[in-house]
Amino acid sequence: MPEQPEPSQTPTVGGADAVAPRSRPSRRPVKAVLFDFHGTLAQVEEPLEWVLKAAATCGVTLDRMKATILADRLLTAGRAGGPLPARVPPRL
């Protein structure tokens with residue numbers, strides 16, 4: 001997209017000051033496109049909801065307390081697409 005709006009291209013009709021229509025200036029070519037697929041770069045789901053949905057997908061029902069503990073562990077270890085972990089557990 002242009003950084004500034006394009007000038008009006010409405011020609012005046014007749015006379016010495018008539019303006020011929022200009023072709024549109026070319027736009028900058030696209031150099032790259034970045035796609036994010038479900039947590040590769042950014043995770044939009046809350047960690048607790050993510051854990052509950054992941055467990056349900058595996059056929060496991062978690063109570064909220066257990067899911068909260070697992071979500072906290074996930075954040076501590078560094079969830080994909082999430083913030084950097086505050087610390088890395090020694091076993092990792």
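User: Where is Arg73 placed, and why does Arg73 count as exposed?

Analyst: Arg73 is placed in helix H2; helices (H or I, at least four residues) and strands (E, at least two) are DSSP runs, numbered from the N terminus. Its relative accessibility is 52%, and because exposed means over 50%, buried under 20% and partly exposed in between (1.4 Å probe, protein chains only), Arg73 counts as exposed. The C-alpha atoms of Arg73 and Val88 are separated by 10.0 Å, with the two residues 15 apart along the chain.

This is a predicted model, in which local features need pLDDT of at least 70 and side-chain atom pairs count only at pLDDT 80 or more, whereas totals for chains, interfaces and linings use all residues. Residues are numbered from 1 along each chain as its sequence is written, and side-chain values use heavy atoms, with hydrogens and water left out.

User: What makes Thr68 partly exposed?

Analyst: Thr68, also in helix H2, has a relative accessible area of 32%, and is therefore partly exposed. The C-alpha atoms of Thr68 and Glu49 are 9.2 Å apart, although 19 residues separate the two along the chain.

User: Why is Glu49 said to form a salt bridge with Arg64?

Analyst: A salt bridge requires a side-chain nitrogen of Lys or Arg within 4 Å of a carboxyl oxygen of Asp or Glu. The closest N and O atoms of Glu49 and Arg64 are 3.8 Å apart, and the pair forms a salt bridge. By this rule the count is one. Glu49 belongs to helix H1 and Arg64 to helix H2, so the pair ties together parts 15 residues apart in sequence. Glu49 itself counts as partly exposed, because its relative accessibility is 34%.

User: How do you know which way H1 and H2 lie relative to each other?

Analyst: The two helices pack at an angle of about 115°, and their axes are 8 Å apart. Axes are lines fitted to C-alpha atoms, for helices over the stretch in contact, and angles run from 0 to 180 degrees between N-to-C directions. Angles under 35 degrees count as roughly parallel, over 145 as roughly antiparallel, 65 to 115 as roughly perpendicular and the rest as oblique. H1 and H2 are therefore roughly perpendicular to each other. Contact means heavy atoms within 4.5 Å; among the residues making it are Trp50 and Leu52 of H1 and Leu70 and Leu74 of H2.

User: Why are the buried residues of H1 said to line one face?

Analyst: In H1, residues 47-57, the buried residues are Pro47, Leu48, Val51 and Ala55. Seen down the helix axis, they fall within an arc of 105°, so they line one face; the arc is that of the directions from the axis to the C-beta atoms. On the other side of H1, Ala56 and Thr57 are exposed. Helix H2 (64-77) is included in what covers the buried residues of H1.

User: How many helices and strands does the protein have?

Analyst: The protein has two helices and zero strands. Of its 92 residues, 11% are buried.
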